[in-house]
Amino acid sequence: MFQNPGLFRGVGFVFTSGDSTKEQRDEAVSAVIKNDENRDIPLLSTRDRIKLPSWPTGDVFSEWEPEDIYAWPGRFICAHRGSRGRFSYWFYERVHTVVLEGGRGMVLAKRPGMLRRELGFERSAKVMAAFDAHRASLIFDRISGSGHWLYESGEKLAQLLADLSDKR
């Protein structure tokens, strides 16, 4: 996956650990709806407003810096390390972003079923994660203090990987 970063133009890479809570989701949803209500012409349909409160917490990226939220790409690959240390890949499209009071950025995303294939990945996410486990472990070790990190392009991720290789 990390061999040719130019193939991922417009695709970002997010590394996460931990989970968002219902409270964080509810804060983000309230802010998205409030922001929409403050527009001259609201963009959310009645149906979207009804569905937002049940957004899956696993598809909420919470407590990010505002500069990350502003740089967040429309499509992204999430490398997630769960509480048991297991690493997995998820493929997302950004749907809503919001920065809450205190500079707490939140992203609500969805997982389109065919996105992995659209991005050119033939193997399953599970096989990919097994293949990339060592490199992902190095990245997670590097970001362990923050719990999450955004690489808004394949080129930025490739530079990190080159830096990690140089330090071996």
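Two strands pair if DSSP finds at least two bridges between them, and helices (H or I, at least four residues) and strands (E, at least two) are DSSP runs, numbered from the N terminus. In this predicted model, E4 and E5 pair in the antiparallel sense over seven bridges. Local features need pLDDT of at least 70 and side-chain atom pairs count only at pLDDT 80 or more, while totals for chains, interfaces and linings use all residues of the predicted model. Residues are numbered from 1 along each chain as its sequence is written, and side-chain values use heavy atoms, with hydrogens and water left out.

**Strands around E5**

- Five of the seven residues of strand E5 (residues 104-110) are buried, so the strand is largely enclosed by the rest of the structure; buried means under 20% relative accessible area, exposed over 50%, and partly exposed in between (1.4 Å probe, protein chains only).
- Strand E2 (residues 60-64) runs antiparallel to E5 and is joined to it by three bridges, with Trp64 standing opposite Gly105 in E5.
- Within E5, Leu108 is the bridge partner of His96, and in the hairpin of E4 and E5, which has three residues between the strands, Gly102 takes a positive phi near 85 degrees.

**Aromatic pairs**

- The whole structure contains 12 aromatic pairs, where rings of Phe, Tyr and Trp (its six-membered ring) pair if their centres lie within 6.5 Å, and planes under 30 degrees apart count as stacked, over 60 as edge-to-face and the rest as tilted.
- The ring centres of Trp72 and Phe76 are 5.3 Å apart with the planes at 90 degrees, so this pair is edge-to-face, and both Trp72 and Phe76 are buried.
- Phe91 and Phe121 form a tilted pair, 5.6 Å centre to centre with 50 degrees between the planes, and this pair links Phe91 in strand E4 (residues 87-100) to Phe121 in the loop between helix H4 (115-118) and helix H5 (125-142), 30 residues apart.

**Salt bridges**

- The structure holds 14 salt bridges, each being a side-chain nitrogen of Lys or Arg within 4 Å of a carboxyl oxygen of Asp or Glu.
- Arg49 and Asp36 meet through their side chains in a salt bridge (2.7 Å, N to O), which links helix H2 (residues 46-51) with helix H1 (residues 22-37); Arg49 is partly exposed at 22% relative accessible area, whereas Asp36 is buried at 4%.
- Glu93 forms a salt bridge with Arg75, with the closest N and O atoms 3.4 Å apart; Glu93 lies in strand E4 and Arg75 in strand E3 (residues 75-81), so the pair ties together parts that are 18 residues apart in sequence.
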